[in-house]
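Hi,

Here is the model I promised to pass on.

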Amino acid sequence: MEDHVGDAAATGPHRRRQRAADQLGAQMAGDGPAVVIGPENLEGRVYGVLDSVGGRQLAQAFYRLEDDGVVMAIGRAAREATVIDFELAGTRSARGRIENFNVTTPFGGDLAHLVGLLTAGELDAQVGWRGPWDKTMEAADALLARRVAGKAVLDL
């Protein structure tokens with residue numbers, strides 16, 4: 001994870017990140033990478049996409065890649081299969097790829113690196129909801145209803 005976080009931090013403003021929440025996109029707009037809500041709203045082709053939705057959205061993002069571009073598949077919120085027409089994709093870009101993110105253990109080194117980035121102010125955790133442990137169901141409901149832009153944090 002350390003290498004991926006470092007690579008993402010160093011990519012600069014010409015990369016695009018994709019997020020499902022409009023509010024989070026508005027918060028992230030500025031000097032950093034451009035934020036686009038859904039591949040249908042992309043202008044032109046892109047080098048990189050972080051996709052947490054999967055399914056049709058991942059396929060659409062793949063079709064929009066620049067030559068040698070990459071889609072990082074980091075989730076599958078759509079819970080639908082991703083079907084890609086590789087003949088069509090081959091007419092749109094050369095050597096585009098999809099990289100799957102898998103969680104492995106132990107987490108210690110990766111978590112220590114992320115905590116260090118947070119502590120140094122180099123990473124914004126994008127907390128959109130925070131509450132006590134006994135509000136777990138409220139947090140879950142808000143996340144499932146997509147009312148939270150970012151992460152939900154429960155205090156112990």
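Where does Arg79 sit? It's in the loop between β4 and α4 (86–92), where helices (H or I, at least four residues) and strands (E, at least two) are DSSP runs numbered from the N terminus.

Before going on: this is a predicted model, so local features need pLDDT of at least 70 and side-chain atom pairs count only at pLDDT 80 or more, while totals for chains, interfaces and linings use all residues. Residues are numbered from 1 along each chain as its sequence is written, and side-chain values use heavy atoms, with hydrogens and water left out.

Back to the backbone. Most residues other than glycine have a negative phi. Arg79 has a positive one, near 55 degrees, and is exposed at 64% relative accessible area (buried is under 20%, exposed over 50%, partly exposed in between; 1.4 Å probe, protein chains only). Asp68, in strand β4 (residues 65–73), is not a glycine either and has a positive phi of about 65 degrees; its relative accessible area of 33% makes it partly exposed.

Helix α5 (residues 108–119) has 12 residues and spans 16 Å from first C-alpha to last, close to the 16 Å expected (1.5 Å times one less than the number of residues).

Lastly, Lys135 is in the loop between β6 (127–132) and α6 (136–144) and is partly exposed at 37%. Setting aside neighbours within four places in sequence, Lys135 contacts Trp129 and Leu154 (heavy atoms within 4.5 Å). Asp155 is 20 residues from Lys135 in sequence and 9.5 Å away, C-alpha to C-alpha.

Cheers
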